[in-house]
Amino acid sequence: MTGNGMDTTGERLELRSRISDLARLFPWIERLASRHAIPASTQFAMNLCLEEVLSNIIRHGYSGKPDHCVAVRFTSPRKDYFVFVVEDEAPPFNPVTSPELPAVSSLKETRVGGHGIRLLRRFADALEYQTTPAGNRLSIGFTAAPPANAKE
Amino acid sequence: MRFAPLSRLRGRVPDLCGHFCGCGELKRGAEAMPISTEELEGGITRVILEGRLDIEGAAAVDMRMNVIAGTKKAVIVDLQKVSFLGSMGLRALVAPARAIKGRGGKMVILGPNELVEKVLKTSGVDAMIPIHHELQNAIAALQ
């Protein structure tokens, strides 16, 4: 039980540092969404942000080396508010203060990626970063809201 | 060649490649992200994607999209049945759009849902690949 009396059994996901392990993310979030009546638009934002954060940890934080661990803990500290806490043992990286690349505007630009931090900041409602003795802890908060309320 | 003892494999879930090799390859394939094409009048190719264009979905369609980008000059990517779009999915759209443009052609997007469209707009991809919600408009944009 957590401090708010919420049973968190089964609400923690541990992944190996392999991209293939991300296949477990969507079904897990789907189960959480069903259990906590999370609206589809919020579920979409959760999938988007967590896929981005976890894939970055695996590809960049762990440099693609397998068999490291990433842990995600889900809590709902109050009604209609949901938090995922992502912990890794990778070198420090703070996505909250890292510079955001501008949105692409032309097919002449050479980059095809670089959207991750921008998407994370626009689709999450709260981001909090801490370094830990082992690595990084990122808390990502979502408020249940219809898509029309999503931040521009 | 060495084989892992069965006792070590029991209870393990194979990686997406279907092996127990730990290669981590993403081979969810056609079942992950069905992709089909339809040739329309005027040399226009409609590419219909279905499902989640997430990191696995993007991996599943990458090769087909590259082939299309290397051979077609007027392409509609139909996202009406796409329920999710992540940043790797964006790459799977931007890279072929750039290749098609490089060959003097054009790619447009048809019918994304509200959330998928928000991803396209947030990333600025809509400025590179025009979005249309009616097939007729998408076709007109390519003529």
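Helices are DSSP runs of at least four residues, numbered from the N terminus. B:Gly70 lies in one of them, helix α2 of chain B. The model described here is predicted. It scores ipTM 0.82 and pTM 0.82.

Chain B averages a pLDDT of 83, and 78% of its residues score at least 70. Over residues 1-30 of chain B the pLDDT is below 50. Beyond near neighbours in sequence, this stretch still has 35 contacts in the model. Chain B holds 6 helices and 5 strands. From the N terminus on, these elements follow the order α-β-β-α-β-α-β-α-α-β-α. The chain has 143 residues, of which 44% count as buried. Among contacts in chain B with a separation of 6 or more, 67% join residues 24 or more positions apart.

Helix α2 of chain B covers residues 55-71, 17 residues in total. From first C-alpha to last, α2(B) reaches 25 Å. That is close to the 24 Å expected at 1.5 Å a residue. The helix is bent, however, by about 45° at B:Asp62. Buried residues of α2(B) include the run B:Ile55, B:Glu56, B:Gly57, B:Ala58, B:Ala59, B:Ala60 and B:Val61. B:Met65, B:Ile68 and B:Ala69 are buried as well. Within chain B, the buried residues of α2(B) pack against β1 (35-40), β2 (44-53), β3 (74-85) and α3 (87-102). They also pack against α2 (40-61) of chain A.

The pairing of α2(B) with α3(B) can be described in more detail. The two helices pack at an angle of about 5°, with their axes 8 Å apart. Angles under 35 degrees count as roughly parallel, and α2(B) and α3(B) are therefore roughly parallel to each other. On the α2(B) side, the residues that meet α3(B) include B:Ile55, B:Gly57, B:Ala58, B:Val61 and B:Asp62. Also among them are B:Met65, B:Asn66, B:Ile68, B:Ala69 and B:Gly70. On the α3(B) side, the residues are B:Met88, B:Gly89, B:Arg91, B:Ala92, B:Pro96, B:Ala99 and B:Ile100.

Yet B:Gly70 counts as exposed, because it has 11 C-beta neighbours inside 10 Å and the cut-off for exposed is 12 or fewer. The C-alpha atoms of B:Gly70 and B:Arg98 are separated by 11 Å. Along the chain, these two residues are 28 residues apart.

Helix α4 of chain B, residues 114-123, is mostly covered. Of its 10 residues, 7 are buried. These are B:Leu115, B:Val116, B:Lys118, B:Val119, B:Leu120, B:Thr122 and B:Ser123. Just after α4(B), B:Gly124 takes a positive phi of about 85°.

Positive phi values also occur in chain A, at two aspartates. A:Asp67 is not a glycine, but its phi is positive, at about 75°. A:Asp67 is found in the loop between α2 and β2 (69-78) of chain A. With 9 other C-beta atoms within 10 Å, A:Asp67 is exposed. A:Asp80, likewise a residue other than glycine, has a positive phi near 65°. A:Asp80 lies in the loop between β2 and β3 (81-88) of chain A. A:Asp80 is partly exposed, with 14 other C-beta atoms within 10 Å.

Conventions:
Residues are numbered from 1 along each chain as its sequence is written. Chains are lettered from A and ligands numbered from 1 in the order in which they are written. This is a predicted model: local features need pLDDT of at least 70, side-chain atom pairs count only at pLDDT 80 or more; totals for chains, interfaces and linings use all residues. The expected span of a helix is 1.5 Å times one less than its number of residues. The bend at a residue is the angle between axes fitted to the seven residues ending there and the seven starting there. A residue is buried if 20 or more other C-beta atoms lie within 10 Å of its own, exposed if 12 or fewer, and partly exposed in between; C-beta atoms are placed from the backbone. Two residues are in contact if their C-beta atoms, placed from the backbone, lie within 7 Å. pLDDT is the predictor's confidence in each residue, from 0 to 100. Axes are lines fitted to C-alpha atoms, for helices over the stretch in contact, and angles run from 0 to 180 degrees between N-to-C directions. Angles under 35 degrees count as roughly parallel, over 145 as roughly antiparallel, 65 to 115 as roughly perpendicular and the rest as oblique.
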